[in-house]
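Welcome! Here are a few exercises to work through with the structure in view. Try each one before you read its solution.

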Amino acid sequence: MATKDKLISHVMEDEPVGSRNKVTVVGVGMVGMASAISILLKDLCDELALVDVMEDKLKGEAMDLQHGSLFLKTHKIVADKDYSVTAGSRVVVVTAGARQQEGESRLNLVQRNVNIFKFIIPNIVKYSPDCIIMVVSNPVDILTYVAWKLSGLPRHRVIGSGTNLDSARFRHLMGEKLKLHPDSCHGWIIGEHGDSSVAVWSGVNVAGVSLQKLNPEMGTDKDEDDWKSVHKMVVDSAYEVIKLKGYTSWAIGMSVADLVETITKNLHRVHPVSTLVKGMHGVKEDVFLSVPCVLGNSGLTDVINMTLKSDEEAQLVNSAETLWGVQKELTL
């Protein structure tokens, strides 16, 4: 009789219930692993699955995380290049694909990553037909559209991480400028996660006090406080970090975990994430852009109708046209 059988008497007749809160991360590069560790440290899943085509790297990353199991509340961490390992996931985070090189725009990556998605997305849906897909790979807005098309899932279950990170960067910089915690600095970056993003100056506030009311030139070239440079720093920050350390990872990883938390805990929090915006704010094409959305158990359930000023709306339409220009050339 084995030691385990001497130690433990099994009393349940049926098979025990499996994971109820399984999360998969596809791609174990810098962003994938930062997302994985952020999800684990926030205790968001009872099982974590990792998938990648690079088998040695995948096995090594999984072992490294498993060795820390004692310090985590997630006892099951699995990894395989075969997607059957992802079966029954509630949320699947897609970080796989070619990443930005120094000085390269996110839009430049597009066709390389579309081809990778043609393999990934059908496999995700095959094994987790009820999952919510969160796309993180760049250019995130276009690839969220691609994932939506390839998956056949309803639009509320395919979400792009979008400008959740841009807005966090903006609130951090706003906090630095005002010497306040970012949590008390409210401001939204919407549109493309990239060069054509839009800062909604009309909504920037602290404790409900509109900064634009105090400083009507805010965000314009005439502004003595030069708030416009804060938005420019948000747009440039990924390029800056890539130039300095070669890639971005920690902030996007924490941003992903923030979104996963809202979904798995059904928090109904509002996040700027990438969704289908056709028919909103004068957008006419099938484009995915970030707008404030309500997230929960079912995915993306509602969109907040922002009261944008005419110049902000025009910038959003411009953002949509930029993306459509690239998107309409794609071969799916």
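**Exercise 1.** How many residues does helix 5 have, and how far does helix 5 reach from its first C-alpha to its last?

*Solution.* Before counting, note that this is a predicted model, in which local features need pLDDT of at least 70 and side-chain atom pairs count only at pLDDT 80 or more, while totals for chains, interfaces and linings use all residues. Residues are numbered from 1 along each chain as its sequence is written, and side-chain values use heavy atoms, with hydrogens and water left out.

Step 1: find the helix. Helices (H or I, at least four residues) and strands (E, at least two) are DSSP runs, numbered from the N terminus. Helix 5 covers residues 140-151, twelve residues.

Step 2: check the span. Helix 5 reaches 16 Å, close to the 16 Å expected at 1.5 Å a residue; the expected span is 1.5 Å times one less than the number of residues.

Step 3: look just past the end. Gly152 follows helix 5 and has a positive phi, near 70°.

**Exercise 2.** Is helix 5 mostly covered or mostly uncovered?

*Solution.* Step 1: apply the cut-offs. Buried means under 20% relative accessible area, exposed over 50%, partly exposed in between (1.4 Å probe, protein chains only).

Step 1: count. Ten of the twelve residues of helix 5 are buried, so the helix is mostly covered. Among them are Val140, Leu143 and Trp148.

Step 2: find the cover. It includes helix 4 (110-127), strand 5 (132-135) and helix 10 (310-327).

**Exercise 3.** At what angle do the axes of helix 5 and helix 10 cross?

*Solution.* Step 1: take the axes, which are lines fitted to C-alpha atoms, for helices over the stretch in contact, with angles from 0 to 180 degrees between N-to-C directions. Those of helix 5 and helix 10 come within 10 Å and cross at roughly 55°.

Step 1: name the arrangement. The two helices are therefore oblique to each other. Angles under 35 degrees count as roughly parallel, over 145 as roughly antiparallel, 65 to 115 as roughly perpendicular and the rest as oblique.

Step 2: list the partners. In this contact (heavy atoms within 4.5 Å), helix 5 supplies Asp141, Ile142 and Tyr145, and helix 10 supplies Leu323, Val326 and Gln327.

**Exercise 4.** Which residues does a cis peptide bond join?

*Solution.* Step 1: recall that most peptide bonds are trans.

Step 1: look for the exception. Asn138 and Pro139 are joined by a cis bond, with omega about -5°.

Step 2: Pro139 lies in the loop between strand 5 and helix 5.
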